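Open the model in your viewer and keep the selection tool at hand. The tour has two stops.

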Amino acid sequence: MMTSEAKITPMMAQWHACKKKAGTALLFFRMGDFYEAFYDDAIVLAKELELTLTTRQEIPMAGVPHHTCDTYIDRLVAKGFRIAVAEQTSDPKTSKGLVERDVTRIVTPGTLVNSSLLSENANNYFASVTQVGSVLGLAFLDLTTADFRVVEFESEQELQGELYRLQPSELLTSKKFSDKHALLIADLQHSLNLLINTEDDWRFEHQITTEFLISHLKVHTLDGFGLKGMAAGINASGALLHYLRDTLNLSIDHINTISTYSTNEYMTLDRMTQTNLELTRSLQDGTRKHTLLSILDQTCTPMGGRLILQWLKRPLLCMKTIQARQDAVQSFIERDWTHDQLKASLEDVRDIERLMMKVSANYASPKDIAALRHSIEPLGKIKSLLREPAAASSLIQTHEKQLNPLPELISLIANALVDEPPQKLSDGNIFRKGFHQELDEIREISANSKSWLNNYQNKLREELDIKNLKVGFNRMFGYYIEVSKGQAGKVPESFERRQTLVNAERFITKDLKEYEQKVLTAEEKISSIEQELFQQLRTEVTRYADIVIKTAQSLAIIDCLQALAEAARLHGYQRPEIDQSQRLEITEGRHPVIEAVNMNEKFVPNDTLLDDENNRLLLITGPNMAGKSTYIRQVALITIMAQIGSFVPAKTAHIGLVDKVFTRIGASDDLSRGQSTFMVEMTETANILNNATDRSLVILDEIGRGTSTYDGISIAWSVAEFLLTEEGSTARTLFATHYCELTKLEEKIPGAVNYNVAVHESEDSIIFLRKIVKGGTDKSYGIHVARLAGLPLPVIERAKEILIHLEENANRKSTFEPSKPKRKAKARPNANQYQLTFFGAS
């Protein structure tokens, strides 16, 4: 930085003032047609964006063109940077001296509005957390949709689970909370890769946050929003809005409501369950590909795409709501033609929710407002198409009534804007001809100045009978009427003399003066009028915001319901029976994702019976690759599908409501946090045992694998016994294991039932039949699987020898000591030979 204040120019003094406001954010400083960065910001900018770094008066600088700045900002935000944008806040044409500049916004991952980083099918949440007493408060806001909600928890684990479900891109918290919950904050940063902002504790004080919310929402009390008694929730939400407005300089005027909810309304799906079942993200590449979401998301609109993601992460616990969704799905399935027509109309609807938010928050371009009109135009037809299915579904009927075709708004926009307006207001040619008389006249002047002058010249020649009169222009005197000195006597007194030449006189008239003024300022005037008209139009459109948002929300629900119907039609799903019992019975169930991905192969269906009496824990044995993991996962997926209101991949299904689904699947180290495979496994198992209830569904795949055999068997047995006998925790459980010793549980504890995966043996080979049948098995077929995996034949043969030795000595008390190999061992090359081969010849 500069060391001498005397060397700082007025412009750089402005930069320093803006940089102070920007704090740790990189500062984009508007200078004419560029955004410039200086000092360390310029070095970072040049490095991260591969720009040329220059130096002026020993100050490093780098810049990007103003019209492409959003692209560069997106790239930097994606790399984890915060960007402060300092705009010219006064008009360079009218400013006396230095143009005024100030930071107008700070762009962060949680505040993206116009960005290629935004997914149209997912919300972009900015979350805020705090604590009052033992209560944890969470508020979250999507600026692009104005979705602003608050919830409270009694435990850190519940808060963590909800944050993982929401997947916010940014988090605000206080120093006190961050210090007290350091492990939670570290875990969130690790698992969610989000930006965390830690602010002073005073921002979360109850009086400050309450007064701010009351003032912003323009109410006398927050009770009407359901916030009565929610001190932690109020503190989290008030601090969040305050931070967005005062620290990030963002407009929050369009945030005019807040809602509360309880996680008790939904099935609990913790982080590991969402991950293991690949509900929304593939374990392979982190995308939606080959997930349950990819199968069920047959939505046609961005709003529907975002909502079905929320539905999938929030299965319902209210039987009445589930059945209402089922009725709606069935109504669409039974009306193929209407459903197809509806989908076609929905395809024409763009992101009404985000478009309306842009208008309300003054971010909208002319193209955005035109897109809003085009998206609203199909609503009349959609409403008409819904009348028939609504007759069989109260849910469709409710939301059909909420759809407002908004003919007045369509006319307002259609009468004002051209059909294809430009993205930028400054590009001009936005409004239709005939919309504004003065604008039309000025455009006419600008486009047809020569024609007007010719017409005016011919008019004067005819009126004055001066055939050689001409209308001309020069830079010194502007427009003029020129007549020869011999004809000057015919000129009326209303003509004002402008210039005398040797052989001619030049005059000006009131009409020509007015025209001259119009022509010289036409482009500037056109731009000014269009800007003023656009702001007026935006204000008019904003008045419809509440109706548009309610319509968009109902349209999203309709879209989700038809999407579930489409998924059911495509894959042959059936309506499950839902009740309050603890019976979970599935006939010919199928894995929805594997079935859809491998459509050329016939999926082998399987039955399932779980209840609270004789079938509480199904112990499934069998070899790897036989289908155990697929089977237990499909039961969990069918249960989740049923409780979001979807039809399911089964011939029949009876689902007694499940309050929580837990999974312990697979084995992986968490080296970044110093946890071994076995420690991770035990931690996840502890979570299940401490939180499962009689109404839960537990999926266990290979408990106790990461330690010695006897330790593993002991732990696995004890876990199964706990889930079968512990009062209040006797969850319906599917337990896949290689430990054949566990099959004795069926004899000892009522409720345990043995199943195995059927295998066809022929001489020295096996075929996996993928069928789950009653009874245990004492064969693991591990060596057969190893051969299928491609282990060298000598290794396979030696493994067989050792297995025979172990089986022969199973009951003897002796140490493990296999017999000598029957095959002759190959000579091992010496160390030097390996070394030369590895590094190459020298």
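**Stop one: a loop with positive phi**

Select Glu58: at 75% relative accessibility, Glu58 counts as exposed (over 50% relative accessible area, with under 20% buried and the range in between partly exposed; 1.4 Å probe, protein chains only). This is a predicted model, where local features need pLDDT of at least 70, side-chain atom pairs count only at pLDDT 80 or more, and totals for chains, interfaces and linings use all residues. Residues are numbered from 1 along each chain as its sequence is written, and side-chain values use heavy atoms, leaving out hydrogens and water.

Most residues other than glycine have a negative phi.

Now select Gln57. It lies in the loop between strand 3 (54-56) and strand 4 (59-65). Phi of Gln57 is also positive, near 50°. At 65% relative accessibility, Gln57 counts as exposed.

**Stop two: a helix pair**

Select residues 677-691, helix 26, and residues 709-725, helix 27. They pack at about 10°, with axes 11 Å apart (lines fitted to C-alpha atoms over the stretch in contact; angles run from 0 to 180 degrees between N-to-C directions). Helix 26 is therefore roughly parallel to helix 27 (under 35 degrees).

Show side chains. Phe678, Met682, Thr685 and Leu689 of helix 26 meet Ile715, Val719, Phe722 and Leu723 of helix 27 (heavy atoms within 4.5 Å).

Key: Helix = DSSP H or I, 4+ residues; strand = E, 2+ residues; numbered from the N terminus. Parallel < 35°, antiparallel > 145°, perpendicular 65-115°, else oblique.
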